[in-house]
Amino acid sequence: MIDSTGAQPVRIRFDQVSVDFPTDHGPMRVLDKVSFDIRQGEFVSIIGPSGCGKTTMMNIVGGFVQPTQGQVLLDGKPVSAPGPDRGVIFQEYGVFPWLTVRQNIEFGLKLASSRVGAQERAEITQRYMGLMGLTDFANHFPKHLSGGMRQRLAIARAYAVRPQFLLMDEPFGALDAQTRSAMQDLLLQVLEREGKTVMLITHSVEEAIYLSSRIVVVTARPARIRTIIDVPFGYPRAENVHEDPRFAELRAHIRELVMQEYEAQARQAVRMSD
Ligand SMILES: Nc1ncnc2c1ncn2[C@@H]1O[C@H](COP(=O)(O)OP(=O)(O)O)[C@@H](O)[C@H]1O
Ligand SMILES: [Mg+2]
């Protein structure tokens, strides 16, 4: 991967994006004039209070939600629908309960848009089951897996079709600390090999710093850009950046910003109940 200062082409552009959702009390603004770019090979994390509009941002890139104003451009073209160029890992419901582990991973590979031959499909599926520690569960259905395993299955399914863009909504949130850290390292390895452009939503400041080239901090609802931070570490990234003094400084800085936004959100809630 390259650093964020490189003159790589812009792949994802948020251009003055606003979203209003209808409520019983009229429209509720969830995103307010959000503009930022994600360049080829960049890893951009979005961090901000829960309920502020992060998933909505990802849903627009995914083609599941249309902006009320402004637009999101993928390679210069407005997003109009979901597509196989974007691998999406949702916050929940990431797997099909009626398909086994193997069938879930194969699913995307069978779609016309990313179709590969039967043998290659079996090889790819085998490889990602192995990487995610799911080989012994190939013929199990999701309801017989732990939460962490279901999450790994969702990740395997998204990786297997080798999308150009990975859109991940708190993908590691349900995992225990050890699995989470293994999944982070695996993600870095996959990216090193396949050079994707990534948008990650996370609650974890540490995760954002460890993985990203840039971090977009957004405000309490409606989400606006609070600040965009360049992460001073290159790739390949090693575990020991956690011990770099700049890591601790950055963590303290971002935690403070996020805390301020949670406070702003709490004040809004008080105003609304007055
Ligand atoms: N399709 C929708 N219709 C109406 N309201 C929605 C819809 N999707 C999200 N919201 C509301 O928009 C706000 C932001 O949601 P979301 O983007 O999921 O936030 P986050 O991911 O930051 O927690 C929340 O108040 C949520 O209830
Ligand atoms: Mg969310």
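Predicted model: local features only at pLDDT ≥ 70, side-chain atom pairs only at ≥ 80, totals over all residues.
Ser204 counts as buried because its relative accessibility is 18%, where buried means under 20% relative accessible area, exposed over 50% and partly exposed in between (1.4 Å probe, protein chains only). Ser204 sits in the loop between E8 and H6; helices (H or I, at least four residues) and strands (E, at least two) are DSSP runs, numbered from the N terminus. Apart from neighbours within four places in sequence, Ser204 is in contact with Ile47 and Arg180, contact meaning heavy atoms within 4.5 Å.

Residues are numbered from 1 along each chain as its sequence is written, chains are lettered from A and ligands numbered from 1 in the order in which they are written, and side-chain values use heavy atoms, with hydrogens and water left out.

Arg180, one of the contacts of Ser204, is also among the buried residues of helix H5, including Met183, Leu187 and Leu191. Helix H5 runs over residues 177–194, and its 18 residues reach 26 Å from the first C-alpha to the last, close to the 26 Å expected at 1.5 Å a residue (1.5 Å times one less than the number of residues). Its buried residues pack against strands E3 (43–47), E7 (165–169) and E8 (197–201), and against helices H3 (118–131), H4 (147–160) and H6 (205–211). After H5 comes Gly195, with a positive phi near 50 degrees.

Turning to the loop between helix H2 (101–110) and H3, Arg115 is found there. Arg115 counts as exposed because its relative accessibility is 57%. With neighbours within four places in sequence left aside, Arg115 is in contact with Leu109 and Lys110. Between Arg115 and Val161, 46 residues apart in sequence, the C-alpha to C-alpha distance is 9.0 Å.

The surroundings of ligand 1 include Phe21, Met28, Val30, Lys54 and Arg221. Strand E2 (26–39) and helix H1 (54–62) each supply at least two residues of this shell, and H1 gives the most, with 3 residues. Backbone atoms also approach the ligand: a polar backbone atom of Gly51 is 2.6 Å from an oxygen atom of ligand 1, and for a backbone N or O atom of Gly53 the distance to an oxygen atom of ligand 1 is 3.0 Å. For Cys52, the corresponding distance from a backbone N or O atom is 3.2 Å.

Note on methods
Near = heavy atom within 4 Å. Polar contact = N/O pair within 3.5 Å; in protein donor to acceptor, adjacent residues only side chain to side chain.
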